Amino acid sequence: MLIRRLVVTDGTLASRGRGLPTPAELAGRVGIDEWPLAPLLRLFVGANFLYLGVTQKWFNPASALAVVEKYELTRVVPVAPELWVFGAGLVEAAVGAAFILGLFTRGSAAVGFLMLTTTLFGLPDDPVLAHITLFGLLSALLVVGSGRYSLDSSLVPAIRKRLDPHWESPADPASAAD
């Protein structure tokens with residue numbers, strides 16, 4: 001509401017941009033029907049999770065093992081420290097792959113949010129600033145969903161139709177899939 005107030009009030013700096021086209025209008029002028037926010041968010045967040053899971057946990061297990069030992073995480077789940085590291089990398093890589101494919105996007109965002117929240121409150125000296133961007137991006141994915149170019153918008157409605165032949169797909173398949 002504050003930004004709207006700045007735009008509609010004459011004489012403010014924001015009011016000078018009143019007649020400028022929005023990003024969606026610009027995209028429509030160049031032939032893009034839908035602003036590709038969700039697919040871009042999914043791609044970048046998914047690549048981030050995949051990268052962190054594979055490189056920090058699997059390719060460099062020594063630093064991840066040090067974290068497991070430092071915080072005594074084997075007391076939380078009594079398994080070998082190596083299995084902790086492998087499991088953490090597997091979950092991060094799976095969430096990243098799900099984002100990239102657009103499969104169960106809102107559920108994957110919830111899992112990612114839970115992982116970040118757990119490390120934020122579970123580890124006393126966790127660098128909070130390192131996770132703020134990911135918190136914001138995951139929140140955005142929880143809101144916007146998977147978007148048009150995803151398995152959620154093609155595979156999930158097809159499975160629903162196969163399980164229930166009388167089910168009718170809504171007009172916007174992206175919103176139905178999430």
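This is a predicted model: local features need pLDDT of at least 70, side-chain atom pairs count only at pLDDT 80 or more; totals for chains, interfaces and linings use all residues.
## Packing of helices H3 and H4

Two packed helices are described by the angle between their axes and by the distance between those axes. Here, helix H3 covers residues 37-58 and helix H4 covers residues 61-70. Their axes are 5 Å apart and form an angle of about 85 degrees. Because angles of 65 to 115 degrees count as roughly perpendicular, H3 is described as roughly perpendicular to H4.

On the H3 side, the contact is made by Gln56, Lys57 and Trp58. On the H4 side, Pro61, Ser63 and Ala64 take part. Sorted by class, the contact of H3 with H4 has three nonpolar residues, two polar residues and one charged residue.

## Backbone of two loop residues

Most residues other than glycine have a negative phi. Glu72 is not a glycine, yet its phi is positive, at about 50 degrees. Glu72 is found in the loop between H4 and helix H5, the latter covering residues 81-101.

Phe104 likewise has a positive phi of about 50 degrees although it is not a glycine. Phe104 lies in the loop between H5 and helix H6, which covers residues 105-122.

How is Glu72 classed by its relative accessible area? The value for Glu72 is 40%, so this residue is partly exposed, a class that lies between the limits of 20% and 50%.

Phe104 has a relative accessibility of 54% and therefore counts as exposed, since exposed means over 50%.

Technical notes:
Residues are numbered from 1 along each chain as its sequence is written. Side-chain values use heavy atoms; hydrogens and water are left out. Axes are lines fitted to C-alpha atoms, for helices over the stretch in contact, and angles run from 0 to 180 degrees between N-to-C directions. Helices (H or I, at least four residues) and strands (E, at least two) are DSSP runs, numbered from the N terminus. Angles under 35 degrees count as roughly parallel, over 145 as roughly antiparallel, 65 to 115 as roughly perpendicular and the rest as oblique. Contact means heavy atoms within 4.5 Å. Ala, Val, Leu, Ile, Met, Phe, Trp, Tyr, Cys and Pro count as nonpolar, Asp, Glu, Lys and Arg as charged, and the others, Gly among them, as polar. Buried means under 20% relative accessible area, exposed over 50%, partly exposed in between (1.4 Å probe, protein chains only).
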